Amino acid sequence: MEPLPPWASSSLAAVLATALLLVTVLRRRRGAATRKYNLPPGPRPWPVIGNLDLIGPLPHHSARKLSARHGPLMSLRLGSFPAVVASSPDTARFFLKTRDLAFVDRPRTAAGRYTTYKCSGLFHSPYGAYWRQGRKLWQAELFNARRLASLEHVRGEEVRSMLSDLRAAAAVALRERLFMVNLNVISRMVLGRKYIVDGAGSPFTPEEFRWLIDEHFFLNGVLNIGDVIPWLSWLDPQGYVKRMKRSAKMFDRFLEHVLDEHNERRRREGEEFVAMDMVDVLLELADDPNREVPIHRDGVKGFTLDLIGGGTDTSAVTVEWAMSELLRNPDVLAKATEELDRVIGRDRLVAEEDIPNLPYMEAVVKETMRLHPVAPLLTPRLSREDVSVGGYDIPAGTRVLINIWAIGRDPAVWEAPMEFRPERFLGGGGGADVKGQDFELLPFGSGRRICPGIGLGLKMVHMILANLLHAFAWRLPDGVAAEELSMEETFGLTVPRRVPLEAVAEPKLPAHLYAVAVP
Ligand code: HEM
């Protein structure tokens, strides 16, 4: 047996070893277990831990290696639960389109229970009337085209503010800037102001708030042993549940403060009240007595957390990967810059309405999402019923992982897949799209659970990346050769670079374009 992966502490390893021994002995006594289902091929599982020993710190890499041996539809056992991994466009299509409804549920996790009000946001919500209503409301009320357009000035102002800050810096660690610009945009769109910067009246200092957000992201991305081996959950061997309860309590204090402030304005303004941000909209929706399923205060807080969680890290991580690839591929960087000079000129910044006129930039974003999807295994689905495919059975209760990272690097699907070549998306209609219809490129997922923030996410990534390239000439710091730039990843709720990218930015536009007055 291989050594246990890093998620296993030594006390946990001792508990598991004892349990493993017991279960093995009991099994021998009972005789070989009868196999009811004809599962897809996969590695033989151990009692108790299943195949957890084969999952390393980068699960999408481990799964790809295993799939190369067992095939594009592979069985695994994750602790107590059966799982399948799809790693070809055809198998992805089967789960996300052909039988989407059978695989639309989510596994229950401690993070959903403790960090988002017993799964009252969309992300962790089980399939059912509450989730269906939530999706409709996101589409119709929060992310409709009119609302997104009406908040364009917020995105523009915050991007400008980031450019202004960058102008004062020489070598920059981009990640923090990218995280902050996205958080500021989301805060203003969702909460009405930038609580992390402008903490006035907030229960936390900006530093505490920043810590809280990091903790929330971290805890939503961990592999919590109690989720896969439920009878060990009472032990909380990694201490994650304790941390989840603590951060949830702190976040709740913050969200209560936000909701109180919003309700206070509604009371004060009475008939004159107009919803200014998404929390206002959510509170109005929660007040509607004709809702199919009531939205309680916890629901408003759960959706708000989803908006902050979904909208911050995803776009920041994508832009950091794009900048890394561009700095490693100077010819691609030169072509993207040339397009910006030609289409925008040097006397203004890039606006959202310019994006459709920048096909090379769009191709750079697609190519980044092919090689560096922020959620390489999408987010786990759960089968709601027994399903058969290609002569194999997938029992109800199976976790489904779609390895879009492996699909993006499959030589059977992509020519020279390891090369960063945006040109593959040019000509002939732009090649595959990212909106869930082309199963070789699924950075936002597909089907009923497709990312509901796709419109905002794409706007943010394009606006930030295009303006970074337009406003500055970029290079790696002295002594760092392009071909030596590390492209290692680290796994969590998203998959960012292991080592944050550092680069040197030299302003190239007239000084007045960097001047801002942001509220
Ligand atoms: C570059 C930006 C983004 C990327 C790459 C991305 C990617 C994803 C992916 C892969 C999923 C899982 C889809 C599936 O299981 O099939 C997802 C779900 C989700 N995303 Fe995004 N996302 C982005 C931006 C956003 C934004 C801006 C928001 C909201 C402000 C958001 C909110 C959500 C939510 C709430 C879900 C869960 C939906 C559900 O389970 O019904 N995302 N996203």
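Trainee: Which residues are closest to the ligand, and how many residues surround it?

Mentor: Since this is a predicted model, we read the shell from computed positions. The ligand is surrounded by 26 residues, of which Gly 310, Gly 445, Cys 451, Gly 453 and Gly 457 are the closest.

Trainee: Which helix gives the most to the shell around the ligand, and how does the shell divide by class?

Mentor: Helix α13 gives the most, with seven residues, and both α13 (297-328) and α17 (454-471) supply at least two residues each. By class, the shell holds 13 nonpolar, 10 polar and three charged residues.

Trainee: How should I read the packing of α11 and α12?

Mentor: For a helix pair, one takes the angle and the separation of the axes together, and then turns to the residues in contact. Helix α11 (residues 240-269) packs against helix α12 (residues 278-287) at an angle of about 75°, the axes being 10 Å apart. Because angles of 65 to 115 degrees count as roughly perpendicular, α11 is described as roughly perpendicular to α12. On the α11 side the contact is made by Val 258, Leu 259, His 262, Asn 263 and Arg 266, and on the α12 side by Val 279, Asp 280 and Leu 283; these residues divide into four nonpolar, two polar and two charged.

Trainee: What is the strand order in the open sheet of three strands, and which way does the pairing run?

Mentor: The order is β3-β9-β8, and the pairing is antiparallel. Strands β3 (171-173) and β8 (472-475) stand at the edges with a single partner strand each, so one side of each has no neighbour in the sheet. From one strand to the next, the twist averages 40°. Between β3 and strand β9 (residues 502-507) there are three bridges, and Ala 171 has Val 504 as its bridge partner in β9.

Trainee: What is the order of the open sheet of four strands, and which helices lie across its strands?

Mentor: Here the order is β1-β2-β7-β4 and the pairing is mixed, with β1 (73-78) and β4 (381-382) as the edge strands, each pairing on one side only. Strand β2 (residues 81-86) and strand β7 (residues 399-402) run parallel and are joined by four bridges, while Val 85 stands opposite Leu 401 in β7. Helix α2 (residues 59-70) lies across β1, β2 and β7, running at about 125° to β1, whereas helix α3 (residues 89-98) lies across β1, β2, β4 and β7, running at about 130° to β7.

How values were computed
Residues are numbered from 1 along each chain as its sequence is written. This is a predicted model: local features need pLDDT of at least 70, side-chain atom pairs count only at pLDDT 80 or more; totals for chains, interfaces and linings use all residues. A residue is near a molecule or strand if its C-beta atom, placed from the backbone, lies within 6 Å of it. Ala, Val, Leu, Ile, Met, Phe, Trp, Tyr, Cys and Pro count as nonpolar, Asp, Glu, Lys and Arg as charged, and the others, Gly among them, as polar. Axes are lines fitted to C-alpha atoms, for helices over the stretch in contact, and angles run from 0 to 180 degrees between N-to-C directions. Angles under 35 degrees count as roughly parallel, over 145 as roughly antiparallel, 65 to 115 as roughly perpendicular and the rest as oblique. Two residues are in contact if their C-beta atoms, placed from the backbone, lie within 7 Å. Two strands pair if DSSP finds at least two bridges between them.
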